[in-house]
There are 2 protein chains.
Amino acid sequence: MVALRRIVRLFRLADREAEAQYGLSAAQLFVLHVLWQEPAMSLADVAARTMTDQSSVSTVVAKLVDKKLVTKKPATDRRRAELRLTAKGEIIVRTAPRLPQVSALDVIAAMPGKQRAELVRAFESFAAAIGANEMAPRMLFEDEPARPRRSRTDVPA
Amino acid sequence: MVALRRIVRLFRLADREAEAQYGLSAAQLFVLHVLWQEPAMSLADVAARTMTDQSSVSTVVAKLVDKKLVTKKPATDRRRAELRLTAKGEIIVRTAPRLPQVSALDVIAAMPGKQRAELVRAFESFAAAIGANEMAPRMLFEDEPARPRRSRTDVPA
DNA sequence: GGCCGATCCATGGGATCCCATGCATTGTCT
DNA sequence: AGACAATGCATGGGATCCCATGGATCGGCC
């Protein structure tokens, strides 16, 4: 369906204005935004909230720490790191152009309630119909049996 | 919105079964599917239909040609190449697991007409609301003024 | 305290994606 | 025929994404 493909592509071709002005990629800006909403108690927390893999977030966050936009403080559990915006990072989130993913939420919030409910219902029924919801629980920290560590022997047949 | 993010993630974590069995990535399988629907008169044609960049398609198609799943034949205009599936490629498209992007279309086709119309309308109004449609015309070969060749001086400010 | 399984994150490897650019080809104009 | 702008694709560079894995840390059990 063309509309869905366009949406996906828009999200992919995220605004380059932030990059031109601030030297930030869309992924970096998205992580900044996520931390602006709430600091994270771990990298895995960020990964869950951005719905990307831990290893991807590790790389992006490292760059943001380099740029002094994010601080990374060892937690009590020394395997973890607490992540929050620096003052500089906060200014950037406030002044940088909005990512499509972020401004889309504004569009939805501004919708009349009835229309918004319809839209949400349509999206959710579609996500259920194509099995997208079965991908999510692992990422959303819902109660789940521990997932076996990934290995070659666990590759689905 | 969670449902939409789940959908996007599902598409990203495309089925790994094809990869395990056939050594094909989701992108490769998607291109096979697109060529199965109709051979392409050029790489740009494939790029438009997959809504990805020409350079990405160039790489993916090169690999499919290597694997003898696609043939690449110079066209009359020697800048272009005509692409079509080999017999081997056709067998694979028929027997390989369906990509979520492809099976999603089946889900939609199987919907009752009223529900389908609602869903399509929801997606299209959302796409319009977030400006996704303004990204697309260039890719869809619609009549448009020629886009200037990309160069550093054309980077949006 | 020692052992072991579980967990967290950094890192490697590979693929894909985009933008930019070079080179070959084509079409148009003089 | 020659010049030039436009077009198509391969390729380089960089970023991100995922899976796999290693090393450090933690928690539970003996």
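## Close-up views of a predicted model

**View 1. B:Met51 sits in the loop between H4 and helix H5 (54-66) of chain B.** B:Met51 is not a glycine, yet its phi is positive, at about 55°. Is B:Met51 buried or exposed? Its relative accessible area is 3%, under the 20% limit, so B:Met51 is buried.

**View 2. A:Lys68 also shows a positive phi, this time in chain A.** Here phi is near 65°, again in a residue other than glycine. Look for A:Lys68 in the loop that links helix H5 (54-66) to strand E1 (70-74) of chain A. With a relative accessibility of 58%, which is over 50%, A:Lys68 counts as exposed.

**View 3. B:Ser42 occupies the loop between helix H3 (26-37) and helix H4 (43-50) of chain B.** Follow its side chain to the backbone nitrogen of B:Asp45, which it reaches at 3.0 Å. Beyond the neighbours within four places in sequence, B:Ser42 is in contact with B:Arg80, B:Ala81 and B:Leu83. B:Ser42 counts as buried because its relative accessibility is 7%.

**View 4. Helix H3 (residues 26-37) and helix H4 (residues 43-50) of chain A cross at roughly 105°.** Their axes come within 10 Å. H3(A) brings A:Phe30, A:Val31, A:Val34 and A:Leu35 to the contact, while H4(A) supplies A:Val46, A:Arg49 and A:Thr50. By type, the residues of this contact are five nonpolar, one polar and one charged.

Notes:
Residues are numbered from 1 along each chain as its sequence is written. Chains are lettered from A and ligands numbered from 1 in the order in which they are written. This is a predicted model: local features need pLDDT of at least 70, side-chain atom pairs count only at pLDDT 80 or more; totals for chains, interfaces and linings use all residues. Side-chain values use heavy atoms; hydrogens and water are left out. Helices (H or I, at least four residues) and strands (E, at least two) are DSSP runs, numbered from the N terminus. Buried means under 20% relative accessible area, exposed over 50%, partly exposed in between (1.4 Å probe, protein chains only). A polar contact is a pair of N or O atoms within 3.5 Å; within protein, one must be able to donate a hydrogen and the other to accept it, and residues adjacent in sequence count only if both atoms are side-chain atoms. Contact means heavy atoms within 4.5 Å. Axes are lines fitted to C-alpha atoms, for helices over the stretch in contact, and angles run from 0 to 180 degrees between N-to-C directions. Ala, Val, Leu, Ile, Met, Phe, Trp, Tyr, Cys and Pro count as nonpolar, Asp, Glu, Lys and Arg as charged, and the others, Gly among them, as polar.
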